[in-house]
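Here's a quick briefing to read alongside the sequence and the 3D view. Have both open as you go.

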Amino acid sequence: MGKPLFYEIWEKPATSCIIAICSAIWFYIQKHNIGYSHVGLSYETLMEGNYWRIITSAFSHISILHLVFNMSALWSLGVIERLGHIGLGVKYYLHYTILLVVLSGLLVLGMYHLLIQKFKLDYFRRVTAVGYSCVVFGWMTILATKQPSSKLELFGFLSLPISFAPFESLIFTSIIVPQASFIGHLSGIIVGYAIAWGLIHGMNNYWAASMLGWIVIVVVLSLKKSGTYDIEFLEIESVTDSSLPSVRFLSSGNGRTLQMSATTDVGANLV
C-alpha cells in the first residue's frame with residue numbers, strides 16, 4: 001500500500017506547488033477561453049518584444065490531457081526532492097527549475113531561428129509552444145543521469161526505467177501526439193544533460209534570487225512595452241538616441257513614475 005497523499009505532498013513541496021500553479025493557470029485559461037496565441041511562445045511574438053511569453057508558455061496548458069500527462073510525469077520526478085544525499089534535494093530542484101524554464105525556452109527559440117534563417121523554413125515563425133514539457137524532459141534527463149536505477153511512474157500504472165525515459169518519451173509523444181513539440185522536448189533534454197554533466201553549474205540561493213529578480217523585471221517591462229497589460233505606474237518612452245537608454249524616477253502626484261527609453265521591436269502563431 002502506498003503512502004498517504006498528504007505525506008507525499010509533504011515530501012515533495014516544490015513539485016506540489018508547481019502542479020498547483022499549473023492547474024490553477026489551466027483552470028483560469030479554460031474559464032476565460034484563452035487560446036494558444038494569448039499565452040504561447042513563438043518566434044514572431046518574441047521578435048515583437050513579448051519576452052514574458054517565455055514564462056507564461058511554460059506554465060500554461062490548453063488541453064486537459066496535456067496538463068495531466070505533464071503533471072503526472074512531474075509528480076513522479078518529484079522524487080528528486082528527496083535525494084539530497086546525492087547532491088539533489090529541494091534547493092537543487094528549485095534552483096535548476098528556474099534555469100530549465102528559461103534556458104529551454106531560449107534554446108527552442110534558438111532552434112527556430114536556425115530553421116528559419118539557415119534552412120528558410122518560415123513555418124517555424126508562427127509555431128506556438130505551450131506547456132511544462134521542456135522542464136519535465138529536463139528533469140527526466142537529470143534524474144536518468146544522476147540516479148539511473150529510478151523508475152518513472154505515469155498515471156499511477158505505467159512504469160518506465162528512467163535511464164531510457166527521456167528518449168522513449170520523446171519518440172512516444174511524437175508518434176502518439178502529432179502536435180507535441182519535438183523541438184521543445186529535445187531542448188529540455190539538451191539543457192538537462194548540460195546541468196547533469198556539470199556544464200551548467202554553480203546555482204545557489206544568491207544566483208537563483210538574482211535570476212528570479214531579473215525575470216520579474218524583464219516580464220514587467222515587456223508586458224508594459226508590448227501593451228499586453230497596462231501598468232499605470234510604469235511609463236516607457238523612446239528618446240532620440242535609442243542606443244543610449246536612460247532610466248529615471250520622476251515625482252508625479254501620489255507616487256513615482258519610472259521612465260526609460262526603449263527601442264521598438266518588430267514582428268505575430270501551435271505545437
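**A histidine and a helix**

In this predicted model, the side chains of histidine 185 and threonine 173 are joined by a polar contact of 3.5 Å. A polar contact here is a pair of N or O atoms within 3.5 Å; within protein, one must be able to donate a hydrogen and the other to accept it, and residues adjacent in sequence count only if both atoms are side-chain atoms.

**Around histidine 185**
- Histidine 185 sits in helix α10 (residues 182-196); helices are DSSP runs of H or I, at least four residues, numbered from the N terminus.
- Histidine 185 counts as buried because its relative accessibility is 6%, and buried means under 20% relative accessible area (1.4 Å probe, protein chains only).
- Leaving out residues up to four places away in sequence, histidine 185 touches Ser133, Phe137, Leu170, Thr173 and Ala180, where a contact means heavy atoms within 4.5 Å.

**Helix α2**
- Helix α2 (residues 13-31) has 19 residues and spans 27 Å from first C-alpha to last, close to the 27 Å expected at 1.5 Å a residue; the expected span is 1.5 Å times one less than the number of residues.
- Its buried residues include Ile18, Cys22, Trp26 and Ile29, and among the elements covering the buried residues of α2 are α1 (5-11), α6 (64-77) and α7 (90-117).
- Just after α2, asparagine 33 has a positive phi of about 50°.

**Ground rules**
- Residues are numbered from 1 along each chain as its sequence is written, and side-chain values use heavy atoms, without hydrogens or water.
- Local features need pLDDT of at least 70, side-chain atom pairs count only at pLDDT 80 or more, and totals for chains, interfaces and linings use all residues.

Methods
Helices (H or I, at least four residues) and strands (E, at least two) are DSSP runs, numbered from the N terminus. Buried means under 20% relative accessible area, exposed over 50%, partly exposed in between (1.4 Å probe, protein chains only).
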